[in-house]
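Subject: Handing over a structure

Hello,

I am passing this structure on to you, and my notes follow below it. Please have a look at it first and then read on.

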Amino acid sequence: MWEWFMAHGVWILLAVVVGFVLFFIFRRWVFRLVQKLFPKQWQGQLEGTRRALSWVIIGIGGVILALAVAAVVVSRYGIDVTPALDMVGGWLLEHGVPILILILVSWFIYKILGVIMPILVRRYVTAKGKKRRSAEYITQRSQSLGKVVTQALGLFIVLIAFFMILSELGLDITPLLASAGVAGIAIGFAAQNSIRDLIGGFLILLEDHYNVGDVVTVADITGEVTELGLRRTVLRDLKGILHIVPNGEIKVASNYTRSISRAFFEVGVAYKEDLDRVMGVVRRVWEEMAEHPDWRDQFISKTPWILRVEEFGDSGIVIRAVGDTRPMAQWGIMGELRRRVKRAFDEEGIEIPWPHVKLYMGDKPADGDAKLTPKPKPKPTPKPTSEPAPKVKRGRGTGEGFGDGSGEGGY
């Protein structure tokens, strides 16, 4: 046993130790080398890519070292591994290395496009919307278009890399390319809805209907756009519910936050109020709020550009005030404006009507008197008497009666 260990075991142990040492040195060297490959201005954006590429190289190097150690160990048992190594090494050199390089290059190009395309798209959108679009809008549109363009290019790169790998493996891709046309027609009929979604998403992005961060109504659902792609639009409503809408189902899109928003304020007052005075109070509250440090940046209209009597309602007169605000600021402005108008109306003694009912008991007199008509008194009931009834005399006579003769009276 000792002789075998001295003859073979020492070499096996030495091979394992050397393999581990080389692996750790190789890993440290790879991290430093990959970090130098990336420009400093891109290192923050490509941090995930750099780490992934480093671990891929480390994994490949680890497999090679493990095979080398395994070959040394097996050879110490008297097994000739030269033919197997020649076969594996020949295949790796002839096909494996080109395939690996092809995969790494395709993946690296995709990651680089993920950084470059948003920058190029942002420059294009900025040049196109210069002096007409806000910086927030340019950022939103750049993110949406950049993501879609990167995904489309990524799909194109994957297809090219797939066919090149098949060709490297010795497969004839000509029949595959020929049958792809027929398969494409069949898939087109089977996936009509998906194709319609893709076309709809492309038109939404091309015509700039909305972007990520906009508040829209699509397919009878209102919410903030959290994700926009070629196939679907993802909305999150005020209750926090996430809605996924296929782009092919969108017939009409209403954008509440494109370029500007609008505060649409209405309040009702009693019919007895002076309307000029009421509208003056509303205008004053609007202008004071527009000059407040906490709200001035959210107003575009420093005074309402519509202030009028809108409606004669059942219980009051409706006053309307309309003005422009920054995108997505209208809801906060309207909430604060209602609070301030209510407080100003209370200070000015202006009544805000509410539905109520007046109940009248009885009928009104014809002359308009507010007093109720008195009810007629009931007739008194006659009291019984204690006097005896008069006696009736019997006799003969000519009076009418019910006796046996013709006398007065009768029974």
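This is a predicted model: local features need pLDDT of at least 70, side-chain atom pairs count only at pLDDT 80 or more; totals for chains, interfaces and linings use all residues.

A word on naming before anything else: helices (H or I, at least four residues) and strands (E, at least two) are DSSP runs, numbered from the N terminus.

Residues are numbered from 1 along each chain as its sequence is written, and side-chain values use heavy atoms, with hydrogens and water left out.

Glu273 is buried, with a relative accessible area of 11%; buried means under 20% relative accessible area, exposed over 50%, and partly exposed in between, with a 1.4 Å probe and protein chains only. Setting aside residues up to four places away in sequence, Glu273 touches Val278, Gly349, Ile350 and Glu351, where contact means heavy atoms within 4.5 Å.

Next, the sheets. Two strands pair if DSSP finds at least two bridges between them. E7 and E8 run antiparallel and are joined by six bridges. Val309 has Ile319 in E8 as its bridge partner.

How do the two helices meet? The axes of H7 and H8 come within 10 Å and cross at roughly 130 degrees. That makes H7 oblique to H8, because angles under 35 degrees count as roughly parallel, over 145 as roughly antiparallel, 65 to 115 as roughly perpendicular and the rest as oblique. The crossing of H7 and H8 is right-handed; a crossing is left-handed if the near helix is turned anticlockwise from the far one by less than a right angle, and right-handed if clockwise. Among the residues making the contact are Val281, Val285 and Met289 of H7 and Ile333, Leu337 and Phe345 of H8.

That brings me to the nonpolar cores. A nonpolar core is a set of buried Ala, Val, Leu, Ile, Met, Phe, Trp, Tyr and Cys residues joined through side-chain atoms within 4.5 Å. The largest one has 26 residues, and those touching the most other members are Phe265, Val269, Phe299, Ile319, Ile333, Leu337 and Phe345. At least two residues of this core come from each of strand E6 (261-269), helix H7 (275-290), strand E8 (317-325) and helix H8 (330-348). H7 gives the most, with eight residues. Leaving out residues up to four places away in sequence, Leu337 touches Phe265, Val285, Trp286 and Met289. There is also a second, separate core of 15 residues, including Ile138, Ile204, Tyr210 and Leu228.

Asp324 lies in strand E8 and is buried, with a relative accessible area of 14%. Although 63 residues separate Asp324 from Ser261 in sequence, the two are 5.8 Å apart in space, C-alpha to C-alpha. Ser301 is in the loop between H7 and E7, and is buried with a relative accessible area of 11%. Apart from neighbours within four places in sequence, Ser301 is in contact with Trp286, Gly323 and Asp324.

Finally, the other sheet. It is open, with five strands in the order E4-E3-E2-E1-E5 and antiparallel pairing. Its edge strands, E4 (242-246) and E5 (253-255), each pair on one side only. Strand E3 (residues 232-236) is joined to E4 by five bridges, and Arg236 has Leu242 in E4 as its bridge partner. Their hairpin has five residues between the strands, and Gly240 there takes a positive phi near 90 degrees.

How values were computed. Axes are lines fitted to C-alpha atoms, for helices over the stretch in contact, and angles run from 0 to 180 degrees between N-to-C directions.
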